[in-house]
Amino acid sequence: MEKKGALDLNIFSKIHDILALRAANVGSQSQQPLDKRETPQMEDFGSDHLELQNVALLVSEISGMSKPDVMKIIPELIEGLENTSDTDSAKPVNVSSRPSDETIVPPDKVQKPDSIAMPEDFRCPISLELIRDPVIVSTGQTYERAFIQRWIDCGNRTCPKTQQKLQNLTLTPNYVLRSLILQWCEEKGIEPPTRSKSDGSSLEVGEDRLAIEALVRNLSCSSLDERKSAAAEIRSLAKKSTDNRILLAESGAIPALVKLLSSKDPKTQEHAVTSLLNLSIYDQNKELIVVGGAIGPIIQVLRMGSMEARENAAAAIFSLSLIDDNKIMIGSTPGAIEALVELLQRGSSRGRKDAATALFNLCIYQANKVRAVRAGILAPLIQMLQDSSSIGATDEALTILSVLVSHHECKTAIAKAHTIPFLIDLLRSSQARNKENAAAILLALCKRDAENLACIGRLGAQIPLTELSKTGSDRAKRKATSLLEHLNKLQVL
C-alpha cells in the first residue's frame, strides 16, 4: 500500500542529504548497478539516474518501504532533485526540511550523524538517534534523558532494552559517554549535539537555576500576590520536566512550599499542594517532601482545603505512598485515612477517584487495612458497588475490597456490613472483570466460614457461579469452581 505524508517527506530528505554528501565524490567511486531482476523498471530510466536509484533502494531499507514502492516514486525523486538543482546547484540539500532557525552549512564542512557510520553505543536504544544528554538507569543501560524520562512518566518500571525491573528511577548523567560523543563529533566534522531544553523552556540550564532560585525566594516574600504568583509558576515548572523538579528541590522549594500549605489564601494553598504533587513525581523528591514535614500539612489541606486542593492533596498522598516506608508513616498520621475516607464519600468525582487510589495503595500495608475499616471505608465502598451509573466506581470499590478482605478483622467487618448480596448481584450482571473480582472476594469471605458460605447459598449464588465457571476468565473459573465445591460440601454435610 502506498504511504503518503510525513514518511515520504522523510525519504526525500534522507535521499537528498545522502546525495549531497556523495556529490564531492562523484566520479571517484563507481557504483555497480543493481541486479535488474530485482528492479525490472530500471531500464525505463536513463543511466544518469542509476545513482539515485541505488541510493533510493538503500534508503528503502532504512525507511521500511518495499523496493517496488520506492521504484514507483523514483520519477518524483528525480524531478524534485532536478528542481532543487536548477534553483541552487551548489546546495542540493532539501532546505525546506530544516528547522527555520538552523544555519545551512555546506556538506563538505559539517556532516550529519545519519550520513556516516555511528558507533552503536552512541545511539539511544529508544530513539535510535545520537544521544544528546546521556543518562544511566539502574540496569546500567544508557539512554537519552528525554526519552527514558517519558518512558518512566508513562508508568513503565522496566529497562526498555533489557526488560529488567528498574530497582530505582534515578537517572545518572553519563559524563564519560557524552565526552566520547563530543570527541567523535569533532573528529568526524559533525556538529556536536546540544542538550535539549527543559520541555519547551527557552532558558539555558544556568539561567534556569537563577530564575528558579528567584522564584523560590518569592515563596517567602511579604507580598501575598508575589507568593501566590511564585507558587503558581513553580506548579507549572514542576509539571513540565524532571530537570525542573530536580532544580526546584535543589533550590529549596520544598520547605518553602510546605510552609505555604497553611496559607489562609485558598488559591496559594492549592498551588502549593499541587506543586508538591508535581515535584513528587521524581522519586528522590518523595523522601525530601516527607522529611520536610509535609504529611501533616497535606492532610490538613485534604480535610479543609478547596475541592481542587483536596483532590491534589489526595493525589500527592498516593504519589508519596508509592514508597513502602511512607505507607506506614502516612497511615499512622492522625486523621490521614479518615480524611481520605471522607473525600471518598463526599468528594467530587475526581476527588473520589483520587481518594480511592490513595486508599488502595495505603491498604497494601496490613495495619492500614484495619485503620481504613475503623475509619468507615465500607459505607462508601458499598455505595460505590450500587452505583450503576459509574462502572469505574464499582471497579475501584471491588479492588479495595479485594485488598481489605485478606485481613481477618476486615473480613468480618465486610460480612457484617451486608456486602455479600451486592457481590452476588455483580456476578449476575456486571462486566467480566467485576465478576472475577466479586467471585474472588466471595471466596475469601467463605473460606473457613460456614456462615458466610451458607449465606451465599441461600441467596442463589450457584447459578451465576456455574455460568462463570464455564465462561469466565481462567482466574474467574478457578474462583467460581472453588466456591461451588465448597457449596457442594456444605450441602452434603
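Me: How many aromatic pairs does the count come to?
Reply: The count comes to one aromatic pair in this predicted model.

Me: Which rings are in the pair, and is it stacked or edge-to-face?
Reply: The rings belong to Phe122 and Trp184, with centres 5.6 Å apart. Their planes stand at 75°, so the pair is edge-to-face, given that planes over 60 degrees apart fall in that class.

Me: Where do Phe122 and Trp184 lie?
Reply: Phe122 is in the loop between helix H3 (67-87) and strand S1 (134-136), whereas Trp184 belongs to helix H5 (residues 175-188). The pair therefore ties together parts that are 62 residues apart in sequence.

Me: Is Phe122 buried or exposed? And Trp184, buried or exposed?
Reply: Phe122 counts as buried, at 8% relative accessibility. Trp184 is buried too, with a relative accessible area of 8%.

Me: Turning to charges, which ring does the charged end of Arg150 sit over?
Reply: That charged end sits over the ring of Phe147, 5.2 Å from the ring centre.

Me: New topic: how many residues are in the largest nonpolar core?
Reply: The largest nonpolar core has 94 residues. Leu248, Ile298, Leu340, Ile377, Leu381, Leu404 and Ile456 have the most contacts inside this core.

Me: What is Leu248 in contact with, leaving aside neighbours within four places in sequence?
Reply: Leu248 is in contact with Ile212, Val216, Ile234, Leu237, Ala238, Ala253 and Leu279.

Me: What should helix H16 span, and how far apart are its end C-alpha atoms?
Reply: Helix H16 (residues 349-362) has 14 residues, which at 1.5 Å a residue should span 20 Å. The end C-alpha atoms are 20 Å apart, so the two values agree.

Me: Which residues of H16 are buried?
Reply: They are Gly351, Asp354, Ala355, Ala356, Ala358, Leu359, Asn361 and Leu362.

Me: Last one: where does Ser306 lie?
Reply: Ser306 lies in the loop between helix H12 (295-304) and helix H13 (307-320). Ser306 is partly exposed, at a relative accessible area of 27%. Ser306 and Glu270 are 36 residues apart in sequence, with a C-alpha to C-alpha distance of 7.5 Å.

Methods
Residues numbered from 1 in each chain as written. Predicted model: local features only at pLDDT ≥ 70, side-chain atom pairs only at ≥ 80, totals over all residues. Heavy atoms only, no water. Core = buried A, V, L, I, M, F, W, Y, C linked by side-chain atoms within 4.5 Å. Buried < 20%, exposed > 50% of the residue type's maximum accessible area, 1.4 Å probe, protein only. Contact = heavy atoms within 4.5 Å. Phe/Tyr/Trp six-rings, centres within 6.5 Å; stacked < 30°, edge-to-face > 60°. Helix = DSSP H or I, 4+ residues; strand = E, 2+ residues; numbered from the N terminus. Lys NZ or Arg CZ within 6 Å of the ring centre and 35° of its normal. Expected span 1.5 Å × (residues − 1).
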